[in-house]
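This report goes through one protein model with its ligand. Have the sequence and the 3D view open while reading.

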Amino acid sequence: MVNDKYWNEKIETLPNEEIKKHQLQKLKEQVKYCYANSVFYHKKFDSIGLKPEDIKSLDDLKKIPFTVKADLKENYPYGMVAANPDEIVEIHASSGTTGDQIVGAYTKNDMDIWQELMARSIYTAGGRPQDVIQIAYGYGLFTGGLGFHYGVQKLGARVVPISGGMTQRQIKLMKDLDVTILACTPSFAVYLAETMIQEGIVPQKDLKLKRGIFGAETWSHQMRQRIEKELGIEAFDIYGLTELYGPGVSVECSEHDGLHVWEDHFIVETINPDTGESLPDGQEGELVFTALDKTGLPILRYRTCDISKIIREKCVCGRTHARMLRVTGRSDDMLIVRGVNVFPSQIEFAIMQFPELAAQYLIVLDRPGALDTFLVKVELTEHTQKNTQLDIKQLKHNIQQKIYIITGLSADIEVVNPNELPRTEGKAKRVLDLRKGKM
Ligand code: DLL
């Protein structure tokens, strides 16, 4: 560690030209590695007559065809592995947001890189060796629990590896063990905060919690404000996916002005999700990543379906790596309701404007006849429920108006009692689409 601001100052503040030079050298090596060792990439390159030597500049990256989730599904479980089978030391898997299983296969070298990326990410979010870090991401095949675990160990902080669920116990341990950092999905953080309120725990007074490192699902700015207020902490966004090790691809620093993408290990691009055409920095589109030194299951130009934009100005914190703005949704979670495109994040944005409501919501779509029905279920907070003056009819009307302004659609609103909507300990489920098969 060079100083108290960075995990690795030399790398994190590398001038842009130097980063590019480093990326190009690694890209050339990685392309050669893929062509020589991956049956999948060898075939892909041959099918368009591309040779590793054709990659001479970073711009030449565009010559490489995209890799998509369907490739991983079709080649499940080991079809895209490039290393020798006995070099694979760990397997993770994700059922993804869209169903079928995909696996990540890691060599010892991959594990070392991932651990380094996670230690760097936790450090960037303010984690220090003196911290006590409670990991409430699920352990096991999901990369959240163990990814954080490896990072905390490398950082030298104290790890509380509780995994997901066990809400009451989470809170007790946070209190008993003087936990200073909570790592979990944002929706689980909201659930923990709600449970604390019900149990009369005042985090600001009863806990030592200072920070939270949240990711694995989209969450709005309003949801962040709510978590920060209710838990009395500073919240940091962390991003990653199984296809690229897991968490630790990018993370926020204390400026909270985008997530630093670790460009010494990844090249990030944005494309138009409909046409696949490259977009300039600053324009919103689908993120595409190339992992520069992954050997177990190498991946080039991976289409994530995640929608964001890239900015490249140096951050006030001094880091020079590109930043991605918070993910606003997935190109594949866009809902088409009565012909109008709607993202769950837009509904979340609307709901978070109402302090009367809890952060939980559920969008229910159906098609009983020719037309889609669009129901948004929202939940009162405990506090609001006790308010005898509350005019539910007016509240429903106001929510409906807000959703209409944002989406152009008129939704039915159902207001339910506190804790009625299902909670998950992992990634939140926000949509129940009953139209399938009725299209
Ligand atoms: O969710 C890895 C992870 C674990 C990231 C813990 C952060 C914290 P997968 O299960 O493969 O991996 O899911 C990857 O989750 O393509 C995004 O759609 C979504 N996602 C991950 N982080 C964020 C985030 C892990 N910070 C998929 N904001 C990705 C929004 C996120 N979406």
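## Terms and source

Helices (H or I, at least four residues) and strands (E, at least two) are DSSP runs, numbered from the N terminus. Residues are numbered from 1 along each chain as its sequence is written. The model is predicted, so local features need pLDDT of at least 70 and side-chain atom pairs count only at pLDDT 80 or more, while totals for chains, interfaces and linings use all residues; side-chain values use heavy atoms, with hydrogens and water left out.

## Two backbone features in loops

His-256 is in the loop between strand S8 (246–252) and strand S9 (259–261). His-256 is not a glycine, yet its phi is positive, about 50°.

Pro-77 lies in the loop that runs between helix H4 (69–74) and strand S1 (88–94). The peptide bond from Tyr-76 to Pro-77 is cis, and its omega is near 0°.

## The ligand and its surroundings

Which residues are closest to the ligand? They are Asp-237, Ile-238, Thr-242, Asp-306 and Lys-427, out of 21 residues that surround it.

The side chain of Asp-237 has an N or O atom 2.8 Å from a nitrogen atom of the ligand. Oxygen atoms of the ligand lie 2.5 Å from a polar side-chain atom of Thr-242 and 3.0 Å from one of Arg-330. Helix H6 (143–155) and strand S7 (234–241) are the elements that give two or more residues to the shell. S7 supplies the largest share, 5 residues.

How values were computed
A residue is near a molecule or strand if one of its heavy atoms lies within 4 Å of it. A polar contact is a pair of N or O atoms within 3.5 Å; within protein, one must be able to donate a hydrogen and the other to accept it, and residues adjacent in sequence count only if both atoms are side-chain atoms.
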